[in-house]
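User: I would like to learn how to read a fold, feature by feature. Please take me through this one.

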Amino acid sequence: MFIATPKDQKHSMWTREKPSPQILQRLLVLAQEALQVLEKQLMDPLGNQDVKMAFRPPLDLYDVLIHLNPKQIPRHLEAVDRPTASFHRGTLKSSSTTKTISFPVVDYDPVQCYLQELREAFGDFALFFYDKYGGDVIGVLWKPSAFEPQPFKVSNINGRMISRVSSQPTVVPNVEAILEDFKILGEGLVKTLEARTEKWSI
């Protein structure tokens, strides 16, 4: 399955690398569930008409939740559920006697920069999901293949620790250090980190 265009009818340059088959399967399941929810609501005009329900992601699927500081999310007003209190960015008060001057900030999106750093540094260990339209949570899903013990190599030690379960030394992910790195990389942006430790094991 791929997005077909007139120039590439057999292979798609847009979907060759992403999404992966697992994510594509998940998209199909989500689309089917959303259709059922919307059809049920439309068939019952007297019931609760909350069509936004189809756009709220379930967070119980993720292994780690990175909660973000809303003041650092530039598109927070585009969220499915708009915040009750908002704030303005780029407001400078030079003195109490002058009027407030608005200073436009262009292309300020620390969440996308943070996501890019996470994917570059920890893409071998996890998948990162984020709603760029005002989302305040990054969902982290561990890759099962990353938790398989691998032979010890100096080039393969990034984010891992040595395990001596077998006769030969192997390396396994150092989850505590990875979670600490999530906090350090997102200093000022990350509000809290919720690790669901019961969902992963080494």
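User: In the hairpin of S4 and S5, which residue takes a positive phi?

Analyst: Strands (E, at least two residues) and helices (H or I, at least four) are DSSP runs, numbered from the N terminus. Two strands pair if DSSP finds at least two bridges between them. Here, 6 residues lie between strands S4 and S5, and Gly 134 takes a positive phi near 85° in that hairpin. This is a predicted model, where local features need pLDDT of at least 70, side-chain atom pairs count only at pLDDT 80 or more, and totals for chains, interfaces and linings use all residues. Residues are numbered from 1 along each chain as its sequence is written, and side-chain values use heavy atoms, with hydrogens and water left out.

User: How many bridges join S4 to S5, and in which sense do the strands run?

Analyst: They run antiparallel, with 5 bridges. Phe 128 has Val 140 in S5 as its bridge partner. S5 also pairs with S1, again antiparallel, over 4 bridges. There, His 67 stands opposite Val 137 of S5.

User: Is S5 enclosed or open?

Analyst: Buried means under 20% relative accessible area, exposed over 50%, partly exposed in between (1.4 Å probe, protein chains only). In S5, 5 of the 6 residues are buried, so the strand is largely enclosed by the rest of the structure. Across the protein, 25% of the 202 residues count as buried.

User: How do I read a helix, and which residues of H2 are buried?

Analyst: An α-helix has 3.6 residues a turn, so residues three or four places apart point the same way. In H2, the buried ones are Val 111, Tyr 114, Leu 115, Leu 118 and Phe 122. Seen down the helix axis, they fall within an arc of 100° and so line one face of H2. The arc is that of the directions from the axis to the C-beta atoms.

User: What covers the buried residues of H2?

Analyst: Look for contacts, meaning heavy atoms within 4.5 Å. The cover includes strands S1 (64–68), S4 (126–130), S5 (137–142) and S9 (190–195), plus helix H3 (175–185).

User: What is the order of elements?

Analyst: From the N terminus, read α-β-β-β-α-β-β-β-β-β-α-β. That comes to 3 helices and 9 strands.
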